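Please look through the sequence and the model below before reading on. The text then goes from the ligands to single residues and to the chain as a whole.

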Amino acid sequence: MNSIAVSLLVFSSLLLFRPICSINSEKERTLAMIKPDGLLGNYTDDIKKIIIGSGFNIVRELTVQLDEENVTLFYAEHSAKGFFPNLIRYMTSGPVLAMVLEKRNAISDWRALIGPTDAKQAKISHPNSIRAMCGSSSERNCVHGSDSQQSAAREISFFFGDIPPETLKHDEL
Ligand SMILES: *[C@@H]1O[C@H](CO)[C@@H](O)[C@H](O)[C@H]1NC(C)=O
Ligand SMILES: *[C@@H]1O[C@H](CO)[C@@H](O)[C@H](O)[C@H]1NC(C)=O
């Protein structure tokens with residue numbers, strides 16, 4: 001291969017790989033929710049301090065009282081489970097605060113901050129997690145975080161509809 005062919009090859013593979021690199025450095029969004037026990041226990045300010053201190057941008061937020069229909073829709077994948085009536089009672093027992101959080105790796109970083117689903121377990125294994133701070137059981141675990149990009153998209157649109165991408169701060173990439 002002559003040198004022109006080699007440089008063409010290098011150039012075109014750079015072009016090919018560029019989109020992959022920019023996807024990896026792009027900001028991601030997740031849905032965070034402070035559940036009724038978190039709000040009623042006055043943990044909102046502490047949780048928001050942790051969110052900001054961990055480098056998340058809060059793109060949107062909304063305090064809303066959910067009804068049974070909302071909870072059934074939001075937790076559709078759990079609707080056949082035995083704990084569902086309790087889940088509805090808990091999630092409608094007071095307002096929730098839904099937030100769209102944005103940063104690189106927002107989904108996994110937020111889930112790492114909130115800790116294990118079972119808040120009782122979190123107090124032992126992840127004493128610095130948010131659930132260890134404000135939760136009390138596997139059901140009453142005070143906060144929610146999307147578990148995948150697909151869930152994040154669905155859950156964000158559940159609360160906020162379509163949010164234009166221009167609220168992404170490209171200068172911070
Ligand atoms: C939360 O704050 C409100 C208003 O300051 C207060 O009335 C309430 O008792 C507090 N709740 C808890 C669980 O500390
Ligand atoms: C909850 O359901 C009511 C109808 O029962 C609807 O008007 C409202 O928009 C829903 N809220 C959310 C956040 O989906």
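This is a predicted model: local features need pLDDT of at least 70, side-chain atom pairs count only at pLDDT 80 or more; totals for chains, interfaces and linings use all residues.

A polar contact is a pair of N or O atoms within 3.5 Å. For Glu69, the distance from a polar side-chain atom to an oxygen atom of ligand 2 is 3.5 Å. In the side chain of Asn70, an N or O atom is 2.3 Å from an oxygen atom of ligand 2. Ligand 2 taken alone exposes 360 Å², and the protein buries 51% of that area. The residues that surround ligand 2 are Asp67, Glu69, Asn70 and Phe158. By type, this shell divides into 1 nonpolar, 1 polar and 2 charged residues.

Ligand 1 has its own surroundings, made up of Leu40, Gly41 and Asn42. Here an N or O atom in the side chain of Asn42 is 2.3 Å from an oxygen atom of ligand 1. Taken alone, ligand 1 exposes 360 Å², of which the protein buries 22%.

Is Asn42 buried or exposed? Asn42 counts as exposed because its relative accessibility is 64%, and the cut-off for exposed is over 50%. The backbone of Asn42 has a positive phi of about 65 degrees, although Asn42 is not a glycine. Most residues other than glycine have a negative phi. Asn105 also has a positive phi, near 55 degrees, and is a residue other than glycine. Asn105 is found in the loop between β3 and α6 (106-114). With a relative accessible area of 45%, Asn105 is partly exposed.

The next residue is marked in a record. UniProt, in an unreviewed entry, places the feature "active site" at His144. In the model, His144 is part of strand β4 (residues 143-145). Because its relative accessible area is 11%, His144 is buried; the term applies under 20%. Leaving out residues up to four places away in sequence, His144 touches several others, including Leu31, Ala32, Met33, Trp110 and Glu155.

Leu101 is in another strand, β3 (residues 96-103). How is Leu101 placed, buried or exposed? Leu101 is buried, because its relative accessible area is 0%. Among the residues that Leu101 touches, not counting those up to four places away in sequence, are Glu28, Ala32, Ile51, Ile58 and Trp110. Leu101 and Ile58 are 43 residues apart in sequence, yet their C-alpha atoms are 4.8 Å apart in space.

Now consider the chain as a whole. Its secondary structure comes to 9 helices and 4 strands. Along the sequence, these elements follow the pattern α-β-α-α-β-α-α-β-α-α-α-β-α. Of the contacts in the chain with a separation of 6 or more, 75% are between residues 24 or more positions apart. The chain has 173 residues, and buried residues make up 38% of them. Its accessible surface comes to about 10,000 Å², and carbon and sulfur atoms account for 56% of that surface.

Terms used
Residues are numbered from 1 along each chain as its sequence is written. Chains are lettered from A and ligands numbered from 1 in the order in which they are written. Side-chain values use heavy atoms; hydrogens and water are left out. A residue is near a molecule or strand if one of its heavy atoms lies within 4 Å of it. A polar contact is a pair of N or O atoms within 3.5 Å; within protein, one must be able to donate a hydrogen and the other to accept it, and residues adjacent in sequence count only if both atoms are side-chain atoms. Accessible areas come from the Shrake-Rupley method with a 1.4 Å probe; for residues, only the protein chains shown count as cover. Ala, Val, Leu, Ile, Met, Phe, Trp, Tyr, Cys and Pro count as nonpolar, Asp, Glu, Lys and Arg as charged, and the others, Gly among them, as polar. UniProt positions are given in the numbering used here, feature names are shortened, and annotations may be inferred rather than shown by experiment. Helices (H or I, at least four residues) and strands (E, at least two) are DSSP runs, numbered from the N terminus. Buried means under 20% relative accessible area, exposed over 50%, partly exposed in between (1.4 Å probe, protein chains only). Contact means heavy atoms within 4.5 Å.
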